[in-house]
Structure formats: C-alpha cells, structure tokens
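Please keep the sequence and the 3D view at hand while reading.

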Amino acid sequence: MASIAMKKGEGLYESQKLALAYFAVALILFGAQLLFGLLAAYQYIDPNFLFGKLSFMTNRTVHVNAMIVWLLVGLMGGVYWFLPIETGREVVGIRLAKWIWWIIVAGVGVVVLVYLFVQVGPGTATTLWFINEGREYIEAPRWADLAIIAWVAVFLYNVVATTLASRRVTGLLGVLIFDLVALGALYSAGVHYTVNVTMDQYLWWWVVHLWVEATWEVLVGVLMAWSLMYLLGTPRKLVETWLYLEVALVFGTGILGLGHHYFWIGTPEYWIGLGGFFSALEPLPLVAMVVHAVYDAGAHRLHAVNRPAFFWAILQAFGNFIGAGVWGFMQTLPQINLYSHGTQLAAAHGHLAFFGAYVGTVLTLVYIAVQNAAKVVRIPLDTRSWSWSYALFILGIFGLAGSFTISGFVQTMVERAELGSTWAAFIASYTHPWYTNTLVWRFFFGLMIFAAYLILVYDLLSIYAGRALGKEVRRAQ
Amino acid sequence: MDYSWIQIAVAAVFISAVVTLVLSRGYGWLSPTFWRNAAVVSSVVMTGILLWLTFDTQGKIRPGAGRVPAWDVINYEIGLKWDPEKRRQVPVVGEKTGFFGQELSNEAAYKLINRGKMTLQGRNCMECHTILGNGAYYAPDLTRAYQDPWWAERLMPMLGVKTREEAIAKWLQNPPAYPQGKRRMPNLHISEEEARALVAFLKWMSAIDTNGFPPRFGVVKAEQ
C-alpha cells in the first residue's frame with residue numbers, strides 16, 4: 001500500500017500548493033453563490049426588490065454558475081492534492097497548470113462581471129460568443145467554453161503524464177483517467193447551437209446529467225477513496241473494490257437513467273419507460289456508500305486523524321443518498337414527473353443533492369488540505385468551531401430543501417393537477433398561502449447557511465494559522 | 001424502432017451481467033477483478049445503447065418527422081386535443097391563417113424561428129422561465145405559452161389588439177407596463193423584430209408532441 005502520509009521533509013509538493021489556491025478560490029465562489037442565492041430568495045418574497053437592476057434572472061445565473069465552478073474547482077483541487085501522494089512524485093507539467101489556472105481565475109472574473117453589468121444581449125451569435133449562451137448551468141459564453149476545454153485538457157495531461165512517469169497505474173488512477181476523459185468529452189457536447197429546441201435539450205442533458213449524475217459521482221468516488229485511506233487508513237484493496245462496484249452501478253444505471261430527462265422534451269415515448277426504470281435504480285450506488293460509511297464510522301468509533309474532514313465524509317455519504325437518492329426518486333418516475341417536472345420540487349432535489357454529494361466532498365478535501373498546510377500541523381485535528389458550522393449547514397440545507405419541497409407540492413397539485421398548467425394556474429399556485437409561507441422559511445434557512453459559511457471560513461483560517469486542537473506535529477522545513 | 005423499452009432494459013442488464021460473468025470466470029464475486037470487469041462492461045454496454053438510441057431519437061425529432069413540427073407550421077392555427085387512446089393531449093394543426101396574417105415559406109419560417117431561438121438564449125429567458133419544463137421555475141413554463149388562454153382573455157383587450165400573435169409581440173416589448181401577477185417580467189428591450197421572432201419560436205414549440213406535458217393544459221379556468 002502506498003503511503004498516504006504527506007510528503008516528508010520538504011513541506012508540500014508544488015501541486016499541493018496549487019491545490020490550496022484552488023480551494024481558496026472555490027471558497028470565495030462558494031460565498032458568492034450563497035450571497036446571490038440570498039438575493040434571489042429575497043426576491044421570491046419581494047419581487048420588486050432590485051427589479052430591473054439586478055433582477056432574479058441575473059442573481060440566479062450567478063448563483064448557479066458560481067456553484068458549478070466552485071464545486072468543480074474544489075474537486076480538481078482535490079486531485080492536485082492527492083495526485084503527488086498517489087504517484088509519489090511531483091505532478092508533471094505543474095508550471096503549465098499554474099499558468100492556466102490564473103488565466104481561468106481571470107476569465108471567471110470577466111464572465112461574472114459581464115453577467116452582472118451587461119446581463120443580456122440581442123438575439124445574435126455575438127451574444128452567445130461574448131455575453132451568455134442562455135442555457136441553464138452552461139450559460140458561460142462560447143469563448144469561456146473554449147477556455148474551460150483547454151483547462152480540462154491541461155488537467156488531464158497533468159494526471160496522465162504524472163501517472164505514466166510514476167510507472168504504476170493504480171486502480172484509482174485508472175478510474176480517474178477513464179472518468180476525466182468522459183468528463184471532458186461530455187462538456188464539448190454542450191458547446192453548440194441548434195435551433196431545434198428538442199435536439200438542443202437532448203444534448204444539453206449530456207453535459208448536465210452525465211456530469212452531475214455520472215462522471216462527477218465517479219470523480220467523487222476516487223477522491224473519497226483517497227480521503228478514506230488518509231483519514232482511516234482503509235486498505236487500498238478495499239477502497240478500490242468499492243470504487244469498481246460504484247462505477248459499475250453509477251454508469252450501469254446513470255447512463256440510461258439520462259432518459260428521465262427525455263420524458264417531455266419531444267423525444268420518443270420509449271424514453272418514458274427506459275428513463276423511469278434506470279433512474280429508479282440510480283440510488284443503488286448511494287445506498288452502497290451509506291452502508292460503507294456506517295461500517296467505517298462504527299469500526300473506528302468515530303476516531304480519525306482529522307475530525308471535521310471525517311464528519312464531512314460521513315455527511316457526504318448520507319447527504320448524497322438523501323439528496324440525490326431519496327429526493328430524486330421522489331419525482332423520477334414518469335407517473336409523478338408529468339406533474340412535478342419543472343416545479344420547485346426539482347429545486348428542492350437540486351439543492352439537497354448538490355450539497356450532499358459535492359459540498360460534502362469538497363469540504364472533506366479542504367479540511368484535509370488545511371490540516372497539512374497549517375503553520376502547525378495537528379494530528380488528530382479538531383477545533384471548537386467546526387461542529388457549529390457543520391450543524392448549521394445541515395440544519396440550514398434541510399430546512400431550505402423542506403421549504404422548497406412544500407412549495408413544490410403546492411405547485412404540483414394546484415398549478416398542474418388542479419388548474420391545468422396555464423399562466424393563470426401558475427399565478428394561483430405561487431400566491432397560495434401554502435406556497436408563500438415557505439418563502440420566508442427558505443430565506444431564514446438561507447441566512448442560517450450563510451452563518452454556517454462564515455463560521456467555516458473562520459474555522460479554516462484559524463486552523464491555517466495554527467490555532468487548532470490536537471497533538472502538535474512539527475513539520476521539518 | 002421495433003423494440004419496446006422493456007426489451008431494451010432487459011437486454012442491457014442481461015448483456016452486462018453475462019459478459020461480466022464470462023470475463024470473470026475463476027474470480028469470486030468479492031474480488032476486485034470481478035467488479036472491475038463489471039464497471040468496464042456496464043459502462044461500455046450502456047454507452048453503446050445510448051449511442052444507438054441517440055441515432056434513433058435523432059431521426060424521430062427532426063423537424064417535420066412527426067414529433068417535432070416542420071418550420072412552416074407557424075402558418076397554421078395550433079391547438080391541443082385529447083387523445084382518448086393515449087390518454088393525453090396531443091398538438092393539432094388547424095386551418096391555414098398565416099403568421100401575422102402572412103404566409104411564410106419553410107425557409108422564411110426557419111429564419112424567423114432561428115432568430116427567435118437566439119433571442120430566447122440572448123435574453124437568458126431560461127433563468128426565470130422553464131422551456132419544455134427545464135429552467136428556473138420563477139416564471140411560467142413556456143412550452144405551451146403561445147396557446148395560453150390568458151392572451152385572449154386578458155391581454156388582447158388590455159393591449160387593444162385583435163390577434164394572439166400581436167398581443168404576445170406587443171407585450172414582450174415592454175412587460176412591466178402591463179404587469180401580470182405579483183412577479184413581473186423585466187423590460188429586456190426586446191425589439192419589434194425580435195418580439196415577432198420570439199412569437200414564431202413559441203408558436204412552433206407549442207406544436208411539439210411532448211407526451212402530454214404540461215398536463216391538462218388549459219382545461220380548467222383558474223379561480224381568481
């Protein structure tokens with residue numbers, strides 16, 4: 001088994017220093033996501049707030065895009081953190097990786113400024129190239145798409161070249177490379193324009209679904225495998241076997257589970273059965289992860305070298321299962337989806353699933369990194385404040401998703417089932433007291449999440465500065 | 001395609017299982033090799049089936065092939081009717097009335113719908129509305145918006161115009177001037193030409209066969 005301990009003697013690898021920059025930018029974007037989410041949540045309560053200046057559409061664009069980018073950056077940061085440990089050497093092409101990283105950071109800044117100050121453009125190709133593409137989640141203008149592809153290509157080069165240079169393709173690296181090739185190829189399916197809206201959405205889902213419900217899940221599997229080896233010393237053979245099982249189940253169910261997005265967009269009827277069947281099986285790998293998490297937590301009596309990271313890892317397993325599995329299953333069968341598709345219920349699922357599956361993973365990685373990058377390395381790591389942030393995050397996200405779920409039920413029943421899906425029916429549902437009540441709860445739980453975020457940032461900074469609990473381990477410089 | 005979804009689903013699972021078992025002869029089901037084979041085989045089999053279905057779907061969603069209408073459908077009246085066999089609404093193409101009273105060639109209709117689609121993306125409509133149910137849930141779904149009874153009942157008298165097409169085009173150019181409900185649509189400075197193109201796109205989209213989504217469209221009048 002390769003040692004999972006940090007590089008000894010000379011501090012961190014260059015790749016790990018780059019990972020720290022990735023995590024810092026990820027956390028800043030996380031803050032932006034929450035801030036714009038709060039603005040959008042407040043506009044649900046008072047639609048006149050900032051109307052015409054910073055309308056809902058703009059806040060929502062930044063909210064969603066900041067979320068995608070910070071999570072992806074966090075996951076990539078995790079790879080840059082663990083790759084030199086896995087291969088026992090510095091990452092090949094690290095200078096190139098640093099260069100393109102700062103170009104990407106500048107590019108993200110430009111894209112956000114354009115979203116905020118230009119907002120929309122005329123119906124021409126120039127708008128799609130330079131302002132935004134107007135396709136939810138992948139709004140980034142075409143020039144930014146090309147920059148993202150270049151960025152992922154360098155990342156892939158780093159991983160493949162480092163693996164080859166180490167002359168040992170471990171199972172984890174094999175899965176990682178396989179997954180990154182798919183992830184990069186799928187993004188390019190979203191870089192196109194077509195007037196046929198059915199075809200447009202058909203391929204749009206190749207990016208959106210096959211990223212978050214397939215390739216991202218596997219990437220998370222690899223990162224959690226490394227995290228568990230570090231946190232608990234889990235044997236490589238065990239995590240690799242679980243990872244293979246997970247890939248078999250995630251790709252085995254998720255690729256055709258894509259069909260649950262093809263029920264109502266104009267695609268043929270066979271997708272109704274296929275999408276319903278395979279997407280109903282999609283929670284299987286998530287159940288497997290919960291079983292593993294419960295076993296690990298019990299076997300180690302909740303002891304690990306890094307307490308906050310370990311708890312976020314446990315949260316990840318449960319959150320992924322509940323958010324993606326339970327809330328997804330709740331509305332994935334076509335018999336209910338006909339009524340619930342395109343309602344607030346989808347937003348409930350989205351919030352809970354992204355939090356559980358991806359926020360949980362990235363925060364696990366961030367805590368592992370900050371433990372080892374701190375001025376004073378403490379093992380096992382513990383602090384007084386992490387548990388406050390952790391508890392508020394969990395309470396906040398479940399309160400938020402609960403509020404969304406209730407308004408989703410009202411919309412499903414009142415707008416769709418009862419009143420016939422029209423504009424008037426839509427207004428009748430969102431002015432229903434059962435719906436309007438939830439908007440205040442939603443905002444309240446949003447504030448709670450923001451408080452959790454502030455404590456998280458404080459906690460990470462204080463660990464970095466060396467003010468944490470645990471046995472001090474001096475790192476030779 | 002001559003296969004039902006059940007046949008495809010059973011075949012996908014069966015092929016994955018059998019190939020995995022054959023490749024893993026001699027290994028127990030708890031060994032890493034067994035699951036590595038399962039991972040590779042299921043990924044390859046499912047991707048292969050997805051690609052095959054994509055080719056089939058692509059043929060069926062070509063404009064004019066049946067499910068997605070031809071571009072010049074905007075020259076006709078469009079409505080929905082209940083299909084008692086399928087137990088859902090299906091779009092129906094009615095009399096030829098022209099688009100804004102003018103008959104367009106297929107080519108001219110395509111250009112207009114294309115401009116409408118670009119405007120839809122350029123104005124980021126999906127960040128409030130849903131289109132075929134996908135988007136941001138803050139504003140009404142646009143799949144059948146062209147056919148919404150609201151235009152005839154409220155907006156045609158309010159805007160002083162005689163047709164649905166004129167009502168949509170006029171309203172889109174300055175929505176906050178005629179607020180509908182508590183949530184207002186901002187003024188996105190949509191030009192008259194862009195507004196007409198958007199009407200073309202919305203009209204064309206409202207004739208797509210979406211397997212009955214959104215359900216029971218317009219069958220009940222909301223109580224105000």
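Two residues are in contact if their C-beta atoms, placed from the backbone, lie within 7 Å. The model is predicted: local features need pLDDT of at least 70 and side-chain atom pairs count only at pLDDT 80 or more, while totals for chains, interfaces and linings use all residues. Residues are numbered from 1 along each chain as its sequence is written, and chains are lettered from A and ligands numbered from 1 in the order in which they are written.

**Confidence**

- The mean pLDDT (the predictor's confidence in each residue, from 0 to 100) of chain A is 93, and 97% of the residues score at least 70.
- Helices (H or I, at least four residues) and strands (E, at least two) are DSSP runs, numbered from the N terminus.
- Within chain A, helix 1 (residues 14-45) has the highest mean confidence, at 98, whereas strand 2 (residues 469-473) has the lowest, at 80.

**Chain A as a whole**

- Chain A has 16 helices and 2 strands.
- Its radius of gyration (taken over C-alpha atoms) is set against the globule rule, which is 2.2 Å times the number of residues to the power 0.38.
- The radius of gyration of chain A is 22 Å, close to the 23 Å that this rule gives for 477 residues, so chain A is as compact as a globular protein of that length.
- Of the 477 residues in chain A, 60% are buried, meaning that 20 or more other C-beta atoms lie within 10 Å of a residue's own, with C-beta atoms placed from the backbone.

**The largest nonpolar core**

- A nonpolar core is a set of buried Ala, Val, Leu, Ile, Met, Phe, Trp, Tyr and Cys residues joined through C-beta atoms within 7 Å.
- The largest such core has 228 residues, of which A:V222 and B:A200 touch the most other members.
- Helix 7 (residues 197-232) of chain A gives the most to this core, with 25 residues.
- Leaving aside neighbours within four places in sequence, A:V222 is in contact with A:L172, A:V175, A:L176 and A:L243.

**Where the chains meet**

- The contact between the chains takes 73 residues from chain A and 77 residues from chain B.
- On the side of chain B that touches chain A, helix 2 of chain B gives the most, with 13 residues.

Note on methods. A residue is buried if 20 or more other C-beta atoms lie within 10 Å of its own, exposed if 12 or fewer, and partly exposed in between; C-beta atoms are placed from the backbone.
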